[in-house]
Amino acid sequence: MPLQSASFPGRAPIALITGITGQDGGYLAAFLLERGYIVHGLSRDVSRLDRGRFAHIVDLNRRLHLHSCDMIDAAGLSRLLETVRAEEIYNLAAQTHIQTSFDDPAYTTDVNATGAVRLLNALVKLDLTHRTRFYQASSSEMFGDAKGKIQNEDTPLHPLSPYAVAKHAAFEATVNFREAFGVHASNGILFNHESPWRGTNFVTRKIARAVAMRHAGDTTPLKLGNLDTRRDWGHARDYVEGMWLMLQRDEPDDYVLATGEHHSVREFVELAFSETGRDIVWRGEGIEEIGFDASTGETLVEVDPAFFRPTDISITIGDASKAQRVLGWRRRTSFPELVSEMVVADIDRLERMRGSATGSAD
Ligand code: NAP
C-alpha cells in the first residue's frame with residue numbers, strides 16, 4: 001500500500017536516487033519501493049541496473065523510473081530535477097574507487113564534489129528548497145588516519161586521497177547550502193559498508209569472489225595488499241535505512257553511521273575461507289607472507305605490493321551514537337553474518353552461471 005506524502009496528501013512520495021546502479025542505490029531503491037515511494041534513479045548507464053533486485057515489488061514498472069545522466073552535466077541534472085520534482089534526493093553517484101582517484105583526481109572532483117554542488121544549486125535555482133530534502137553520501141574517508149581513535153561528527157577532517165578530498169568538498173557544500181540557502185540538506189558520514197552487491201574492485205567483494213572461485217575449483221591464489229588494515233565494516237542494507245531516517249527529521253543535520261567495531265582484512269579472509277570449510281595458516285612476514293590451506297597445504301593467499309595505496313589508513317572505527325540517539329538507527333547485521341552472506345551469494349552466482357552455461361535445469 002503506497003505511503004501518503006504528508007506534504008502532498010493523496011499520492012505517494014517521490015524520491016530521486018543518483019547512483020541507482022551502485023551497491024547502495026539498489027538497496028535504497030528497494031527500501032523506498034517497499035515503503036510505497038515512486039523512485040526515480042539516475043546513473044550514466046541505467047541499463048546496468050539489475051531489475052532482479054526488485055523482483056518482489058509488484059507494481060515495479062509503474063513506480064521505478066530510470067534516467068541516464070552524467071553528474072558532470074549541469075543542464076541535464078537541472079532538467080531532471082525540474083521534471084521529477086522529488087520530495088527526497090539521495091546523492092549517491094560518485095567515482096568511488098580510491099586508487100582511481102589518484103589516477104584521475106580532476107574527474108573524481110568533478111563528479112564527487114562539483115556534481116553535488118550542481119544538484120544543490122539546481123534545487124535553489126528551481127525554487128525547490130521548500131519541497132525537496134537532500135541527502136549527501138559523505139564518507140569516513142574524510143577523517144583520514146585518526147590513528148585508531150574513534151571518529152564521530154566532531155572529529156577534524158584530514159582527507160588523504162583525491163576521493164576523500166572531493167567528498168570533503170561535497171560535505172562542506174552541503175552544510176553551506178543548508179546554512180546559506182535554507183536547503184534541508186544532510187550529510188551521512190558513512191563508514192565502509194559492504195554486501196553481495198559491492199563492486200568487485202573492493203577488497204571485501206574481491207575476497208568473497210575469490211573464495212567462491214576456489215570452492216568451484218580455481219587454484220589461482222588471492223592477491224591482496226596490507227592484510228592488517230582494519231576497517232569498521234557494516235552491511236549496506238542497514239546503512240540505507242539510516243539515510244532515509246536522516247531525511248525524515250524536521251531539521252537537517254550530519255550523522256555518522258558505523259558499527260563501532262573494526263576487523264582486519266586478514267580476519268575477513270579467514271572467515272570467508274572458513275565458510276567453505278578451509279582453515280588458513282599464515283607463514284612469512286610483510287610482502288613475503290603467504291596463507292596456506294591448513295589441511296591441504298595449497299597456497300590460498302599471497303601479499304602483492306601492487307595493492308598497497310600511496311597513502312593508506314591503517315584503521316577506521318566510527319561512533320554512531322548520535323544516529324542511534326536522534327534517529328533511532330541500529331546496525332542489524334554482525335560482521336560474521338556479513339562475510340557469510342557475501343561468500344554464499346558469490347557461490348550461488350557462480351553456480352547459476354555454470355548452470356546456465358551447461359544448460360542444467362537445477
Ligand atoms: P558504487 O557501488 O560504486 O556506485 C556508484 C554509483 O555512481 C553507480 O551507480 C554509478 O553508476 C554512479 N556514477 C559514477 N559516476 C557517475 C557519473 N559521472 N554520473 C552519474 N552517475 C555516476 O558506490 P556505493 O558503494 O553504492 O556508494 C554510494 C555512495 O556512498 C557513493 O557516493 C560513495 O562514495 C558513498 N560511500 C560509500 C561507502 C561504502 O562503503 N560503500 C562509504 C561511504 C560513502 P554508473 O557507473 O552506471 O554511472
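Visitor: Which residue is the bridge partner of Tyr135 in β6?

Guide: Welcome! This is a predicted model. Strand β5 covers residues 133-139 and runs parallel to strand β6, residues 184-190, with 7 bridges joining them. In β6, the partner of Tyr135 is Ser186.

Visitor: Which strands stand at the edges of the open sheet?

Guide: Let's follow the order of the 7 strands, which pair in parallel: β3-β2-β1-β4-β5-β6-β11. A strand at the edge has a single partner, so one of its sides is left without a neighbour in the sheet. That describes β3 (64-68) and β11 (254-257).

Visitor: What is the average twist from one strand to the next?

Guide: We are still with the open sheet of 7 strands. From each strand to the next, the twist averages 20°.

Visitor: Which strands does helix α5 touch?

Guide: Helix α5 spans residues 105-125 and packs on the sheet. Its direction makes about 170° with that of β5. The strands touched by α5 are β1, β4, β5 and β6.

Visitor: Are α3 and α5 parallel or oblique to each other?

Guide: Two packed helices are described by the angle and the distance between their axes. Here the axes of α3 and α5 come within 9 Å and cross at roughly 45°. Angles from 65 to 115 degrees would be roughly perpendicular and those under 35 roughly parallel. The two helices, α3 and α5, are therefore oblique.

Visitor: How many residues of the contact of α3 with α5 are charged?

Guide: On α3 the contact is made by Ala74, Leu77, Ser78 and Leu81, and on α5 by Gly115, Arg118, Leu119, Ala122 and Leu123. These residues divide into 6 nonpolar and 2 polar, and the number that are charged is 1.

Note on methods
Residues are numbered from 1 along each chain as its sequence is written. This is a predicted model: local features need pLDDT of at least 70, side-chain atom pairs count only at pLDDT 80 or more; totals for chains, interfaces and linings use all residues. Side-chain values use heavy atoms; hydrogens and water are left out. Two strands pair if DSSP finds at least two bridges between them. Helices (H or I, at least four residues) and strands (E, at least two) are DSSP runs, numbered from the N terminus. Axes are lines fitted to C-alpha atoms, for helices over the stretch in contact, and angles run from 0 to 180 degrees between N-to-C directions. Contact means heavy atoms within 4.5 Å. Angles under 35 degrees count as roughly parallel, over 145 as roughly antiparallel, 65 to 115 as roughly perpendicular and the rest as oblique. Ala, Val, Leu, Ile, Met, Phe, Trp, Tyr, Cys and Pro count as nonpolar, Asp, Glu, Lys and Arg as charged, and the others, Gly among them, as polar.
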